[in-house]
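Subject: Structure for your review

Dear colleague,

Please find the structure below, together with the sequence. I would be grateful if you would read the notes that follow with the model open.

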Amino acid sequence: MAEAPASTDNNFDLVVIGAGPGGYTGVIRAAQLGLKCAIIEKDKTLGGTCLNVGCIPSKALLESSEHFAMARHGDFAAHGLKVSGVELDLPAMMSRKDKIVKDLTGGIQFLMKKNKVTVFNGWGTITGPNTVVVSSEAGKQGLQTQLTAKNIMIATGSVPIDLPFAKPDGKRVITSTEALALPEVPKHLVVIGGGVIGLELGSVWMRLGAKVTVVEYAPMIAGGADQQMAKTLHRVLGKQGMEFILSASVTDVKASGKNVTVTYEGREDKKKQTLDADYVLVAVGRRAFTDKLGLENVGVERDNRGRVVVDAHLRTKVPNIFAIGDAIAGPMLAHKAEEEGVAVAEFIGTGHGHVNYETVPSVIYTWPELASVGYSEEQLKEKGIEYRAGSFPFAPNGRAKALGTTDGSVKVLADAKSDRLLGVHIVGPRASDMISEAVVAMEFGGSSEDLARSFHAHPTLSEVMREAALAVDKRARQS
Ligand code: NAI
């Protein structure tokens, strides 16, 4: 069962269960610190949800579908490029995505070898504070390997939440996993949930030609985002053709042959209506995946949402058993899991490890993208924190004009007295890359004036960030 073990015995300083971004990043850091490490993964390839069926394949399809939409809908024509006969080769698009995934998951395998981390392919069960058993399947006897571990890191991630009346069948009622590998472009894709997955994968299929209807329980899409930004994204996606039914709860989904009927109920008028679709994507959130891990064998607690309970050092009740990422509370984001994995490795290896949860960025990779860090205006109002806001649109920015994408704006929120940055929100082109500047500034306790006085190369999209920072002090230049 063990794949070419880097170690000849099965005694480790750290055994990590789950080889997603949190697990593999954490185990590499632990190996760098001189710890003898193993990682257990139940899936055939390393990389977890993010690399195999999440962040990476979705970004591959988002890029490809964006090119298709640009070629088809006239953006190229505006650049003076005449293209005709644009056709979709869906199998080729899917193969490209699969190759990217294969390259990256293979890369993780290489990194494990390079860092002398022993990889076990199988199901990890914690059998005692210092023992983990690897078996072929959960709860299965048979071929088993027993590992002893001075420390254990639970990095088992999350799985999609099911709706009791919309159980995914993998064919017509699908989760994000199947939505990344559909064999055809849906005629009508109904997406249940206007969150991150719904908007990203809805965008992919809309760009490829599907009619997409998003049914969202809340009165707005992109729940949790700064409302002004969420509204802008809503407007722009609507302009692109995505349809939204807000404040509505899906109450029933019936699949029959190639058709699916979705029943939803308006939250205010209580009126029941139906939608006919050929595919329904259930994207109503994810839950921590901590099933059949053997937590009861050692008394590790879970909360009412199945998340492993940890202290500020990411330790469970058993001091040498740690948990990170989607398996614990907090935003379900790969980079949050990575930082927690590193923090645990450093805590074990050096006695210190820390994650600054105030600067975790979040991104929705639609076009334009929505990226943010820190507090939204709504959160600041709720907390009674006095702030000053500065906003600036992409429309007058030279680089955005050259790019041909001028929707959106940047909003900078700073403390009213100290000017310390409290939040930065972007809807715009390449917002995902632009947000890093704000993250670094906030990590250093920076102010809006720090952002405003820093060089920003001209012409770049990042100048919009600078103008928004200047606008906090009512000093924006171009408008
Ligand atoms: P989500 O929590 O972002 O959105 C789910 C949405 O479904 C919510 O807006 C909720 O109000 C709505 N909903 C729930 N029940 C409903 C019902 N019966 N009818 C209509 N609407 C309903 O969850 P999502 O999009 O499934 O993503 C799961 C997790 O994966 C999130 O935590 C997200 O952060 C993460 N993720 C992050 C990505 C990124 O960073 N770009 C990409 C994809 C996923």
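Predicted model: local features only at pLDDT ≥ 70, side-chain atom pairs only at ≥ 80, totals over all residues.

Helix H13

Helix H13 comprises residues 431-443, 13 residues in total. From its first C-alpha to its last it reaches 18 Å, close to the 18 Å expected at 1.5 Å a residue. Its buried residues are Ala431, Ser432, Met434, Ile435, Ala438, Val439, Ala441 and Met442. Viewed down the axis of H13, these buried residues fall within an arc of 165°, so they line one face of the helix.

What covers the buried residues of H13? The cover includes four strands, namely E19 (362-364), E20 (369-374), E22 (409-415) and E23 (421-428). It also includes helix H14 (448-453) and helix H15 (462-472). After H13 comes Gly445, whose phi is positive, near 70°.

Two cis peptide bonds

Trp367 and Pro368 are linked by a cis peptide bond, with omega about 0°, and Pro368 sits in the loop between E19 and E20. A cis peptide bond also joins His458 to Pro459, again with omega about 0°; Pro459 belongs to the loop between H14 and H15. For context, most peptide bonds are trans.

Helix pairs

Two packed helices are described by the angle between their axes and the distance between the axes.

Helix H1 (residues 21-32) packs with helix H5 (residues 90-114) at an angle of about 25°, and their axes are 10 Å apart. Angles under 35 degrees count as roughly parallel, and H1 and H5 are therefore roughly parallel to each other. Their crossing is left-handed. Tyr24, Val27 and Ile28 of H1 make the contact with Ile108, Leu111 and Met112 of H5.

In the other pair, the axes of helix H3 (residues 55-72) and helix H7 (residues 196-207) come within 8 Å and cross at roughly 35°. The crossing of H3 and H7 is left-handed. On the H3 side, the residues in contact include Leu61, Leu62, Phe68 and Arg72. On the H7 side, they include Glu200, Leu201, Val204 and Arg207.

Most residues other than glycine have a negative phi. Lys270, in contrast, has a positive phi, near 60°, and lies in the loop between strand E14 (259-266) and strand E15 (272-277). Leu314 also has a positive phi, near 65°; its loop runs between helix H9 (295-298) and strand E18 (321-323). Which of these residues is buried and which is exposed? Lys270 counts as exposed because its relative accessibility is 53%, whereas Leu314, at 5%, counts as buried.

Thr156

Thr156 is located in the loop between strand E7 (144-154) and strand E8 (158-160). Although Thr156 and Lys42 are 114 residues apart in sequence, they are 9.7 Å apart in space, C-alpha to C-alpha. Leaving aside residues up to four places away in sequence, Thr156 touches Ile17, Phe289, Thr290, Leu293 and Ala327.

With kind regards

Definitions and conventions. Residues numbered from 1 in each chain as written. Heavy atoms only, no water. Helix = DSSP H or I, 4+ residues; strand = E, 2+ residues; numbered from the N terminus. Expected span 1.5 Å × (residues − 1). Buried < 20%, exposed > 50% of the residue type's maximum accessible area, 1.4 Å probe, protein only. Arc of directions from axis to C-beta. Contact = heavy atoms within 4.5 Å. Axes fitted to C-alpha atoms, helices over the stretch in contact; angles between N-to-C directions. Parallel < 35°, antiparallel > 145°, perpendicular 65-115°, else oblique. Left-handed = near helix turned anticlockwise from the far one by under 90°.
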